[in-house]
There are 2 protein chains.
Amino acid sequence: MEQDSRLAGTVRPGGRTARVRAAVLEATQDELVLHGFHGLSMDAVAARAGVGKTTVYRRWAGAAGLVADLMTELADQSAAHADTGTIEEDLRANALSVLAAITDERLGATLQAVIAAATCDKEAAAALSTFYERRITEWGKSIDLAIGRGELPEGTDGHEVIRAISAPLYYRLLVSKEPVDKATAERSATRALVAARNGAFIG
Amino acid sequence: MEQDSRLAGTVRPGGRTARVRAAVLEATQDELVLHGFHGLSMDAVAARAGVGKTTVYRRWAGAAGLVADLMTELADQSAAHADTGTIEEDLRANALSVLAAITDERLGATLQAVIAAATCDKEAAAALSTFYERRITEWGKSIDLAIGRGELPEGTDGHEVIRAISAPLYYRLLVSKEPVDKATAERSATRALVAARNGAFIG
């Protein structure tokens with residue numbers, strides 16, 4: 001897993017550098033949830049993390065840099081794709097993991113703060129794009145496994161299937177402001193699967 | 001059409017009340033695009049519209065009230081559902097109309113400003129919800145017509161089909177920050193149709 005190697009290697013858990021980064025990213029997330037992206041201040045993050053301002057300014061290039069690093073860390077911590085042995089169950093697991101993320105009080109608020117900022121800020125948009133690209137790529141592997149097992153037609157675009165499962169959940173959350181629950185998530189997975197089985201995601 | 005009757009009736013085109021409302025909503029949209037929802041000021045709207053502040057304060061209860069009325073007006077102005085005679089073409093028209101809205105420089109920026117605000121403001125969320133509910137209900141009629149023609153199974157949930165077509169476009173626009181083009185829109189319509197034909201939108 002890329003996640004394991006990164007956390008065990010680059011970040012050196014237990015080292016001072018790793019502890020500072022963990023404290024600063026935790027504080028960044030707290031501030032983001034409380035004040036939004038445009039209310040994020042390097043000084044407030046440093047104070048909340050109990051880390052010297054100069055350290056924060058030296059290591060992260062502005063508030064947008066903090067958010068980008070936070071999104072990298074959240075992607076690192078995200079679960080690997082499911083591999084239950086059937087595509088039905090893998091896609092259902094994907095939909096439920098998206099539901100869990102967006103309805104989690106802290107993670108959901110973090111994602112919504114960055115999504116709101118990204119409507120008018122290029123750096124927030126880049127951080128968001130990187131995060132979701134990694135999640136889409138990771139879960140796309142479940143579709144490749146299904147193609148290998150003969151459950152889905154050759155040439156099915158796994159990334160598009162994963163986007164199609166997430167999309168209705170985010171649409172309700174952000175756009176139509178309708179409730180998102182387990183039934184919504186399960187229906188979304190089923191509909192994407194029906195379309196995929198019938199070749200609608202080829203090419 | 002509810003649209004026609006409202007514009008021709010309640011608003012009394014040509015009357016002073018209608019002219020004031022048109023000027024104020026136009027100015028609201030300008031300010032929203034320039035400064036976002038949280039930067040929207042009643043005074044700036046009144047000045048830009050060339051309308052007395054007292055008139056604006058008397059008629060609209062705050063900035064959120066202006067945005068709610070703007071969203072009502074935008075829903076009024078939106079096109080009625082397509083009725084081409086085939087569900088393929090109607091759904092394709094729906095996808096292309098969503099694409100046109102979100103990529104329109106002015107309308108797209110307006111929708112994104114309200115979507116961003118709605119992540120943390122209940123009044124913005126309510127205005128957004130009302131707007132999309134009306135669009136979803138309007139276009140859901142195309143699915144009912146298709147069921148009547150025998151093109152889609154009885155019990156197909158037209159509102160869900162319409163949400164499913166829009167969702168991947170908004171997901172790319174707001175969440176994964178990926179390009180949204182004509183091919184994206186057409187694929188979205190096709191995939192929803194394939195799932196609908198195979199009964200995935202029943203119930």
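With which side chain of chain A does the side chain of Glu160(B) make a polar contact at 2.9 Å? The partner is the side chain of Arg172(A), where a polar contact is a pair of N or O atoms within 3.5 Å; within protein, one must be able to donate a hydrogen and the other to accept it, and residues adjacent in sequence count only if both atoms are side-chain atoms. The structure is a predicted model, in which local features need pLDDT of at least 70 and side-chain atom pairs count only at pLDDT 80 or more, while totals for chains, interfaces and linings use all residues. Residues are numbered from 1 along each chain as its sequence is written, chains are lettered from A and ligands numbered from 1 in the order in which they are written, and side-chain values use heavy atoms, with hydrogens and water left out.

Chain A has 10 helices and zero strands, helices (H or I, at least four residues) and strands (E, at least two) being DSSP runs numbered from the N terminus. Along the principal axes, the C-alpha atoms of chain A fill a box of roughly 55 × 40 × 25 Å. Of the 203 residues in chain A, 52% are buried; here buried means under 20% relative accessible area, exposed over 50%, and partly exposed in between (1.4 Å probe, protein chains only). One of the buried residues is Thr55(A), with a relative accessible area of 17%, and Thr55(A) lies in helix α4 (residues 53-59) of chain A.

Charged pairs come next. Over all chains, the structure holds 34 salt bridges, each defined as a side-chain nitrogen of Lys or Arg within 4 Å of a carboxyl oxygen of Asp or Glu. In one of them, Glu73(A) pairs with Arg21(A), and the closest N and O atoms are 3.0 Å apart. This pair links distant parts of the chain, with Glu73(A) in helix α5 (residues 62-77) and Arg21(A) in helix α2 (residues 16-35), 52 residues apart. Both Glu73(A) and Arg21(A) are buried. In chain B, the side chains of Arg149(B) and Glu151(B) form a salt bridge at 2.7 Å, N to O. Arg149(B) is partly exposed at 34% relative accessibility, and Glu151(B) is also partly exposed, at 24%. Salt bridges with shared partners also join Glu26(A), Asp30(A), Glu31(A), Arg48(A) and Arg106(A) into one network.

The two chains meet through 30 residues from chain B and 30 residues from chain A. Together they bury about 2900 Å², 62% of it on carbon and sulfur atoms; buried area is the accessible area (1.4 Å probe) that two parts lose on being put together, summed over both. Tyr171(B), Val175(B) and Arg191(B) supply 23% of the area that chain B buries against chain A, more than any other three residues. Between the chains, 10 residue pairs are in polar contact, both residues at pLDDT 80 or more. On the side of chain B that touches chain A, the elements giving two or more residues are α7 (105-118), α8 (122-148), α9 (158-175) and α10 (182-197). Of these, α9(B) gives the most, with 10 residues. The residues on this side of chain B divide into 17 nonpolar, six polar and seven charged, with Ala, Val, Leu, Ile, Met, Phe, Trp, Tyr, Cys and Pro counted as nonpolar, Asp, Glu, Lys and Arg as charged, and the others, Gly among them, as polar.

Six salt bridges cross the interface of chain B and chain A. Among them, the side chains of Arg191(B) and Glu160(A) meet at 2.6 Å, N to O. Arg191(B) lies in helix α10 of chain B and Glu160(A) in helix α9 (residues 158-176) of chain A, so the pair joins two chains. Both Arg191(B) and Glu160(A) are buried. Glu160(B), the residue of the opening question, is found in helix α9 of chain B and is buried at 8% relative accessibility. The side chain of Glu160(B) also makes a polar contact with that of Arg191(A), at 2.6 Å. Leaving aside residues up to four places away in sequence, Glu160(B) touches Arg172(A), Arg187(A), Arg191(A) and Phe201(B).

Notes:
Contact means heavy atoms within 4.5 Å.
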